[in-house]
Amino acid sequence: MTSATEQPETPALRRPAATPRLIATDLDGTLLRDDKTVSDRTVAALAAAEAAGIDVFFVTGRPARWMDVVSDHVHGHGLAICANGAAVVDLHDGGRFVEVRPLDRADALATVESVRAAVPGVSFAVEHTTGILYETRYPPFYLDPGSVIDSAEHLLANGSSGDTPDGPILKLLAHHPDLGPDDFLARARAAGGAHGSFTRSSPTALLEISGLGVSKASTLAQCCAERGISPEEVVAFGDMPNDLEMLTWAGTSYAMANAHPEVLATTTNRTAANTEDGVAAVIEQILHGLP
């Protein structure tokens, strides 16, 4: 056990194939500590990376309205990738949507119908650019009391009206009260995978369903291409299944010590847990090795 004044040990950095030009990091379970704060060490590492000319992108499943926790720590470009790749937002401009990659309403409805038939007991929420709507049985997030409607089918078939959230659909959320998270993901994906991209980032049986082809990786790849940055010049960090595509795409990637078993099995490099500033430790090593 380390003392309060000691920094936890971090595995030696595997030298990237190219000098890093961009760092892509997940938030919950990765950059953020368990109390959802950013440590002073991590704040300093992020600022030092940007000062060294390395772009930092926060790449998260969170919606734009939940980005206040890091909005003061994005430098330079000001952009973040939210909702598992469904949105690029400008944190320097109050979370303004720069790009949206929506889930088609017909595909969303087909997903709800197929998953509900295959996995009884499921409940849904619909994440829009302007907010979230829940079914009555869906457990709301503490950050989002939300509005409640009769059914996801009703919302998706008719759209919302009045003072309820509306706009493009970023993703569906599906919850099951009894199934294990990985079992639920496998069964739901088998039933509805033709209509959307299924993943999960919660320790509970909560799934996130985006448009076909939409992921953290695909949107990050687009942002990098716009900047002339190759995958070999990207270092990525993550901990859950919704990070897998990004970690596989990046030239150098790190799984947190607290990562999901599938992430640990897929990712070659390791760093310390999110509670021990694992992202900051690697960034410090990268900066130390720069010419």
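**Close-up views of a predicted model**

**View 1. Helix α2 passes helix α9 in a left-handed crossing.** In this predicted model, the axes of α2, which spans residues 40-51, and of α9, which spans residues 278-289, come within 9 Å and cross at roughly 35°. These two values are given together because two packed helices are described by the angle between their axes and the distance between the axes. On the α2 side, the contact is made by R41, T42, A45, L46, A48 and A49, while α9 contributes A280, A281, I283, E284 and L287. Sorted by the kind of residue, the contact of α2 with α9 divides into eight nonpolar residues, one polar residue and two charged residues.

**View 2. H77 in the loop between β2 and β3.** The loop that holds H77 lies between strand β2, residues 55-59, and strand β3, residues 79-82. A polar atom of the H77 side chain lies 2.7 Å from the backbone nitrogen of L79. When residues up to four places away in sequence are not counted, H77 touches E50, D55, V56, F57, D90, H92 and R227.

**View 3. S123 in strand β6.** Strand β6 covers residues 123-128, and S123 is found in this strand. Is S123 buried or exposed? With a relative accessible area of 1%, S123 is buried, because residues under 20% are counted as buried. Leaving aside residues up to four places away in sequence, S123 touches E135, R137, Y138 and P139, and also L173, A174 and H175.

Terms used
Residues numbered from 1 in each chain as written. Predicted model: local features only at pLDDT ≥ 70, side-chain atom pairs only at ≥ 80, totals over all residues. Heavy atoms only, no water. Helix = DSSP H or I, 4+ residues; strand = E, 2+ residues; numbered from the N terminus. Polar contact = N/O pair within 3.5 Å; in protein donor to acceptor, adjacent residues only side chain to side chain. Contact = heavy atoms within 4.5 Å. Axes fitted to C-alpha atoms, helices over the stretch in contact; angles between N-to-C directions. Left-handed = near helix turned anticlockwise from the far one by under 90°. Nonpolar A, V, L, I, M, F, W, Y, C, P; charged D, E, K, R; others polar. Buried < 20%, exposed > 50% of the residue type's maximum accessible area, 1.4 Å probe, protein only.
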